[in-house]
Amino acid sequence: MNFLRTLPGALVVPLAAWITYLFLMVPSLIVIPISFGGAGELEFPPRVWTLDLYRQFFNDPTWWGSLMESLKVAALVTVLTTVLGVPAAYALQRTNLPGRAVLNGLAMGPLLVPVIVLALGLYLQLAPIGFLNRTATVVLAHTMLAIPFMMVSVGAALRHLDPAYEQVALIMGAGRVRIFFRVVLPQLRAGIAAGALFAFLISLDEVIVAYFITGPETMTLPVKMYSALRWEVSPVIAAVSTLLTVISLVFALGLMWLERRDRNA
Amino acid sequence: MTNIEESQDMIRVNGLTRIYGTFTALDNVDLAVRRGEFVTLLGPSGSGKSTLLNLISGMVQATAGTIEIDGRDATNLPTNRRGLGMVFQNYALMPHMTVFENIAFPLQVRRVPRAEIETRVHEVLKLIQLEHVVQRKPKQLSGGQQQRISLARCIVYRPSIILMDEPLGALDKKLREDMQLEIKRLHAELGVTMIYVTHDQEEALAMSDRIVLMRKGRIEQQGAPEDLYFRPDTLFTADFLGSSNLFAGRLPAGSRQLDTPHGGLPLPAAREGEPEAGEAVLMVRPESMRLVSEGEEGGWPGLEATLRDSIVLGSYVRHFLDLADGKRVIVQEPSGATRRRPERGAQVRVRWAAEDGRLLPTDPDFKEL
């Protein structure tokens, strides 16, 4: 603490922090000015400032369509992950379900297996039965990737939830279902919101699995970006990246705002 | 006693046992609680009092034995069908609900019509004089208010048994005393059966119709507060409730005098169940002892002692004395404005009426007396 009170200490620590922040942020931020450059090529700093790249993005139905597909998939993944992940986390934490350790391992599995292995496995399994190039398939695959995050987030919230609330409700005569919906769920709001945000963002920028199992009609935005980079190196990429960053930022800030309001309520 | 149904015990526990691995938390306990009785389970931590409470509430399953609630076997009845109320030490009010919603919750569970919920919540808030906080969240209330709300949430659905697990443990002394009176008043007004767990012997003495003192998973002794305080059967009971002076010695067969290192001590008249001869311990409460001046009265001269310290505790004075061999004795006398306290280091004499002593069996847990 004394170190921080001296002048060099007061300067060095924030400086080190800012250098770290910049190191992490610059690669993401540099595309923002680029995205306002001309339609000819990727350049920094841009010589002219226009909205051409954005115009190009919104006029091209393949770009525009893949953004809508991505948002649709991410929204469905968020809902499905919440519906499956929250009760699963509750069951694993608060019941004497036989084989809990195994179930927990299964749910956490996708975190441990390399994504490329998962992607290949899904492709080899789904291709012969004709399940590729379907929105539902992408949604299910992304849900699998997102569930561990939801379970970790909700699990942490549950560990901080005093079991006395559930006990007192039980003694007052409430059934398990009522306790879950009226007592437990409202107190897990912050944890569920964080897990849902993770699910949304994981799905929104997931490229490897989607690359394997999507097709022309179900192409998500990251897959479209990846193909664009490989085949055309279109500067539209910069506009798309900026848009994705903004969408993620809006959701993250929205969540932080909700949490703060919750805490002050 | 007009009909059999009315006179039945509200709770009857038979041979109740709970074992965790190699630890026996509750060991073959029998207990009956009468309808409307206020019973306190008292004991140090690990004595089994909370285990017994959790077994009655159904949150812990019995390893052996049976539990009857209101004449019906409830050993395996799910918690939410036992018709109990419970008040926790940390209140356990739902933080996301207002005071109204918290108290309405058990009524909603019972599918009470909306209009009736409204009246009953306000009735019970009036009873505890907290009508003005009805729309607040628990976080906006003081600890004492929260505990009263959790009491209200319990009595609003009129359970016939209310369990309380150290409900006043988190409150400061003054508030605790107010709440003790409030709980006593509610108990009297509602005629509900109460089972109250505490490790605070003063609280147990102040509130209970009957104290069940627990030790190592068993019932050590049970009875009215004055029974346990004045007529303990064991050293543990004597030591746990209030303070006591204990003199270890040997009782020759047929004698009414205990041979101790401090000399022969007079004993009260023989009673049933006390040690008849051999090793024994004489217990004397500090308030039964008096400091006496030389040459007062006749009979037993009392014990020589040196006054180490005296402290005034408001209405009474506590004297800490050392006997000739260094044994510490505590004497408690009423205080008074004109009463003169002996000087520190003064040689005094301590005496008590033989009838105020109580002869108890030895106990391996009380080796050094």
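The legends below describe close-up views of a predicted model.

**View 1. The contact between chain A and chain B.** In this predicted model, chain B contributes 18 residues to the contact, and chain A contributes 15 residues. On the side of chain B that touches chain A, the elements giving two or more residues are strand E6 (84-87) and helix H3 (99-109) of chain B. Sorted by class, this side of chain B holds eleven nonpolar residues, six polar residues and one charged residue.

**View 2. Ala92(B), in the loop between E6 and H3 of chain B.** Most residues other than glycine have a negative phi. Ala92(B), however, is a residue other than glycine with a positive phi, near 55°. Ala92(B) counts as buried because it has 25 C-beta neighbours inside 10 Å, where 20 or more are required.

**View 3. Gln129(B), in the loop between helix H4 (114-127) and helix H5 (143-155) of chain B.** Phi of Gln129(B) is also positive, near 55°, in a residue other than glycine. Gln129(B) counts as exposed because it has 9 C-beta neighbours inside 10 Å, and the limit for an exposed residue is 12 or fewer.

**View 4. The two assigned domains of chain A.** The domain assignment of chain A gives domain 1 (2-35) and domain 2 (61-264), and the centres of these domains, taken over C-alpha atoms, are separated by 31 Å. Five residues of domain 1 of chain A are in contact with five residues of domain 2 of chain A. On the side of domain 1 that touches domain 2, helix H3 (residues 31-35) of chain A supplies the largest share, four residues, and the residues of that side divide into three nonpolar, two polar and no charged.

Technical notes. Residues numbered from 1 in each chain as written. Chains lettered and ligands numbered in written order. Predicted model: local features only at pLDDT ≥ 70, side-chain atom pairs only at ≥ 80, totals over all residues. Contact = placed C-beta atoms within 7 Å. Nonpolar A, V, L, I, M, F, W, Y, C, P; charged D, E, K, R; others polar. Domains from an automatic or database assignment.
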